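Subject: Structure for your review

Dear colleague,

Please find below the structure that I am handing over to you. My findings follow it, and I would be grateful if you read them with the structure open.

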Amino acid sequence: MVRILFLHPDLGIGGAERLVVDAALALKERGHKVGFLTNHHDSTHCFKETADGSFPVQVVGDWLPRKLFGRFYAFCAYFRMLYAAIYASFFMPQREQVDVVFCDLISVCVPVLRLAPHRPRVIFYCHFPDQLLSAREGLLKRVYRAPINWLEEHTVGLADKVLVNSKFTLRVFQDTFRRLRTVPDVLYPSIHTQYFDQMEQKLQQRSTVLDETVHPRVPRNAFVYLDINRYERKKNHALALQSLRLLGDTLSAADFKRCRLIIAGGYDTRCHENVEHYAELEQLTTELDLQEHVILLRSPTDEEKCSLLHAAHCLLYTPENEHFGIVPLEGMYFSKPVVALNSGGPTETVVHSSTGFLCEKQAKSFGGAMCQLFRDEPLRLKMGDQGHKRVQQKFSFAAFADRLNGIVQDLVPAQKKLE
């Protein structure tokens, strides 16, 4: 047994959070002792495994500011994580000391963890270089970001093991951190297939197309396009709306009347962009005259998300250059064809014309794929079946768990495991 601590900034709802929760589940199933340390955890806005007692979750530093004068988000995030790393290294009770710390998103904590008296091994999982996620906003922003970017590059390289989520991110990592000799290993995220299998059985037993109490605006004969992603502008939900409008101009009135687009996005009232972008999408829906066809859902639960995946006919994935993208795997595992952009991580998960379509960033290309799947049911069913098999063969939870367990075992000396 290895004692493992997951150090993560905010245990909310998102791809990074899903990754660390799945990694924790995988290691727990392999017999390790696992816990979480975080700056923020809201039991009403998180994945259920962090709220139902599956893992101990400790919150430190939530009183520290998330921003200063409406800005300096990165500085505050780094400072909050630094505080958590200092607590984990020097103030955590002896009985809670760990052998391995798994951290992600913010690397400034790595050198602090290496200074801990008990010297845990440190794994850093790079979803994507943080400096590339920051908007370019002129000279002052570049001056502000310069020391943060320098810290990111030099602290990532201090981890005992660096992992990335895709070959795409590996190439970006090497192009961004040119001074590092570190060569990360690719560890593809997976999905907790056992949970999805259990939910699929329950949903099949219900024998209903959609839970009418949750989705009263979806008729039983509807053709449902599902778009799952946080309410952020970079997720490009507008492309799904524009493509739906083009689809409406292509199909007959009777056929289009059956079409529904459900956008189910992570939504946090503390995040101004979530609030603003949700309102922007509502406005765009009205401008495109799609009110009858579009449903915007905020922060669906895991059960609701499974219900949506079960009922949908097609999954839309609109972000450009997404680092990996766990949602296409979820869609394929539920036997749904995926329409995604031909860039980033989806090029490694979605096989064009086999498990879905990889499209250009244009409503004509995206909408054309949506139309083809609407009109060709045998193709849609075949793609769904091939997608399910691909997840089982290439991205299974068992393979993910075995690989991660092997990484952890290799890091921890044999005598330490016996203590």
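A salt bridge is counted where a side-chain nitrogen of Lys or Arg lies within 4 Å of a carboxyl oxygen of Asp or Glu. Please note that this is a predicted model. By that criterion, a search of the whole structure gives 26 salt bridges.

**Salt bridges**

One of them joins Arg-30 to Asp-402, with 2.6 Å between the closest N and O atoms. This pair connects distant parts of the chain, 372 residues apart: Arg-30 sits in the loop between α1 (15-29) and β2 (33-40), and Asp-402 belongs to helix α15 (residues 397-411). Arg-30 is partly exposed, at 30% relative accessibility, and Asp-402 is also partly exposed, at 45%.

Asp-185 takes part in a salt bridge with Lys-161, where the closest N and O atoms are 2.6 Å apart. Since Asp-185 is in strand β7 (residues 185-186) and Lys-161 is in strand β6 (residues 161-164), this pair ties together parts that are 24 residues apart in sequence. A salt bridge also forms between the side chains of Asp-185 and Arg-403, at 4.0 Å from N to O. Here the link is again between distant parts of the chain, from strand β7 to helix α15, and the two residues are 218 residues apart.

Lys-161, at 24%, is partly exposed, and so is Arg-403, at 35%.

Finally under this heading, a network of salt bridges links Asp-10, Arg-66, Asp-268 and Arg-270.

Is strand β4 enclosed or open? A residue is called buried when its relative accessible area is under 20%. Five of the five residues of β4 (residues 100-104) are buried, so this strand is largely enclosed by the rest of the structure. In a regular strand, side chains alternate between the two faces of the sheet. In β4, Val-100, Phe-102 and Asp-104 point one way, while Val-101 and Cys-103 point the other way.

Which strands pair with β4? Strand β1 (residues 3-10) pairs with β4 in the parallel sense, over four bridges. Within this pairing, Leu-7 has Cys-103 as its bridge partner. Strand β5 (residues 121-126) also runs parallel to β4, and five bridges join the two. There, Arg-121 of β5 stands opposite Val-100. Between β4 and β5 the chain passes through helix α3 (residues 109-114), and this β-α-β crossover is right-handed.

**A nonpolar patch on the surface**

Leu-68, Phe-69, Phe-72, Phe-75 and Phe-79 make up a nonpolar patch on the surface, and their accessible area together is about 540 Å². Phe-75, one of these residues, is located in helix α2 (residues 73-91). With a relative accessible area of 43%, Phe-75 is partly exposed.

**A region listed in UniProt**

An unreviewed UniProt entry lists residues 221-389 as "domain: Glycosyl transferase family". In the model, the chain over residues 221-389 is 49% helix and 18% strand, and its end C-alpha atoms are 27 Å apart.

With kind regards

Terms used:
Residues are numbered from 1 along each chain as its sequence is written. This is a predicted model: local features need pLDDT of at least 70, side-chain atom pairs count only at pLDDT 80 or more; totals for chains, interfaces and linings use all residues. Side-chain values use heavy atoms; hydrogens and water are left out. Buried means under 20% relative accessible area, exposed over 50%, partly exposed in between (1.4 Å probe, protein chains only). Two strands pair if DSSP finds at least two bridges between them. A crossover is right-handed if, with the strands pointing away from the viewer, the path from the first strand over the helix to the second runs clockwise. Patches are made of residues with over 30% relative accessible area and no salt bridge: like charges are joined within 9 Å, nonpolar side chains (Val, Leu, Ile, Met, Phe, Trp, Tyr) within 5 Å. Accessible areas come from the Shrake-Rupley method with a 1.4 Å probe; for residues, only the protein chains shown count as cover. UniProt positions are given in the numbering used here, feature names are shortened, and annotations may be inferred rather than shown by experiment.
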